[in-house]
Structure formats: structure tokens, C-alpha cells
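Let's take a look around this protein together. Have the sequence and the 3D view ready, and follow along as we go from its pockets to its strands.

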Amino acid sequence: MSYRFYGWERATVLAATNEYQGIDTPQDLYDALHHIWCEYTCAPRLRAEWSMANQTLGQCSITAFLAQDIFGGEVRGILRPGGNYHCFNVVGDAVFDLTSEQFGSEKLNYDEYTVQSREEHFSKDEKFQRYEFLKAALKNYVEGHIPTGLNS
């Protein structure tokens, strides 16, 4: 299968945990998330623009921290206009961004980043709740149960 997220071809890292059965690579996680990402998991400031055609919109930080749970490594952020950070993952030599499609043809500079912390991101309760929802939805998905209201 051909993937469109940044770094997919070099994202050869393996899961560091077996908590999510069947999620062995970043590509597996990306495939599963396409069944889970929804308007609720999107950042509230971007929900009006979220659509099935742009599922990765507003999903970056919660997705990157979930990927970190599974694969380890660091979550890094690229400073965006407006002062927000776009989050992505680095595990060993692999740099990958499961939500890069939201930027279309725009090329992000993954060499200019700041390491992101859970404490800072999850100090916002709404973001922590979306992350917890995403984790639970992934767990349900890998166990064969997709909660009502999520993408099929």
C-alpha cells in the first residue's frame, strides 16, 4: 500500500508494547486511525473545518503522543503561524508525521523543531480528554469493537 504521511517509507520502527494487538508499525497505526479519527478527536478550534476528506486536521498532538506510547521516541513540534505547534514523531532515525496530510502540498521543515512535553499539552483538559478518547477508541478497534459514532 502507498501511504501519504510524511516519513512513511522510513518509519520502519516496531511497537515497543503489545498493548494494541496488530499495531506493529506506524503504518498499522495510521491504518487503524483512519477508522477512528473523527470530529470529536479534532482540536476544537479546527472542528468547523474537519471533514472525512481531511481526517488528519487537528489530530496532531494526540496522535503523536499515542504513537509515542506505542513506539517510544520523542514528540517534536514545528512552530506554526499563530503560535501553535504541529507535532510529529522521531524514533531512532525514523522521522514520521501521521497527520501531515492536513497540510496538502505545503512542505514542513522537520529540521526546525522543539521537543514537546505531555505535561504542557495535557495541561489543557480538553486535549487530554481527546487523547484518552483516542486511546480507548484504538483499544476498542484492535479488539474488534468500534464505538458508535466513529468512522467505519
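## The largest pocket

The largest pocket has a volume of about 520 Å³. Keep in mind that this is a predicted model. To find the spot in your viewer, look for Arg45, Cys60, Asn84, Tyr85 and Lys127, which lie nearest the pocket's centre out of 24 lining residues.

Which parts of the chain build this lining? H4 gives the most, with three residues. Sorted by class, the lining of this pocket has nine polar, eight nonpolar and seven charged residues.

## The second largest pocket

Next up is the second largest pocket, with about 150 Å³ of space. Its lining includes Arg4 and Tyr6, along with residues such as Ser100, Phe103 and Tyr110. By class, the lining of this second pocket has four nonpolar, three polar and four charged residues.

## The sheet

Now for the strands. Strands of a sheet pair through backbone hydrogen bonds, either parallel or antiparallel. Here, four strands form an open sheet in the order S3-S2-S1-S4, and the pairing is antiparallel. S3 and strand S4 (114-115) stand at the edges with a single partner strand each, so one side of each has no neighbour in the sheet.

How covered is strand S2? Six of the seven residues in S2 (residues 85-91) are buried. Helix H2 (residues 60-71) lies across S1, S2 and S3, and runs at about 15° to S2.

Let's zoom in on how S2 meets its partners. Strand S1 (residues 74-79) runs antiparallel to S2, and six bridges join the two.

On to S3. Three bridges join S2 to strand S3 (residues 94-96), again in an antiparallel arrangement. Here valine 91 stands opposite alanine 94 in S3. The hairpin of S2 and S3 has two residues between the strands, and glycine 92 in the turn has a positive phi of about 60°.

Note on methods:
Residues numbered from 1 in each chain as written. Predicted model: local features only at pLDDT ≥ 70, side-chain atom pairs only at ≥ 80, totals over all residues. Heavy atoms only, no water. Buried < 20%, exposed > 50% of the residue type's maximum accessible area, 1.4 Å probe, protein only. Pairing = 2+ DSSP bridges. Contact = heavy atoms within 4.5 Å. Axes fitted to C-alpha atoms, helices over the stretch in contact; angles between N-to-C directions. 1 Å grid on protein atoms, 1.4 Å probe; cavity = no way out; pocket = protein on both sides within 12 Å on 5 of 7 lines; lining within 4 Å. Points joined across faces, edges and corners; volume = space filled by probe spheres on them. Nonpolar A, V, L, I, M, F, W, Y, C, P; charged D, E, K, R; others polar.
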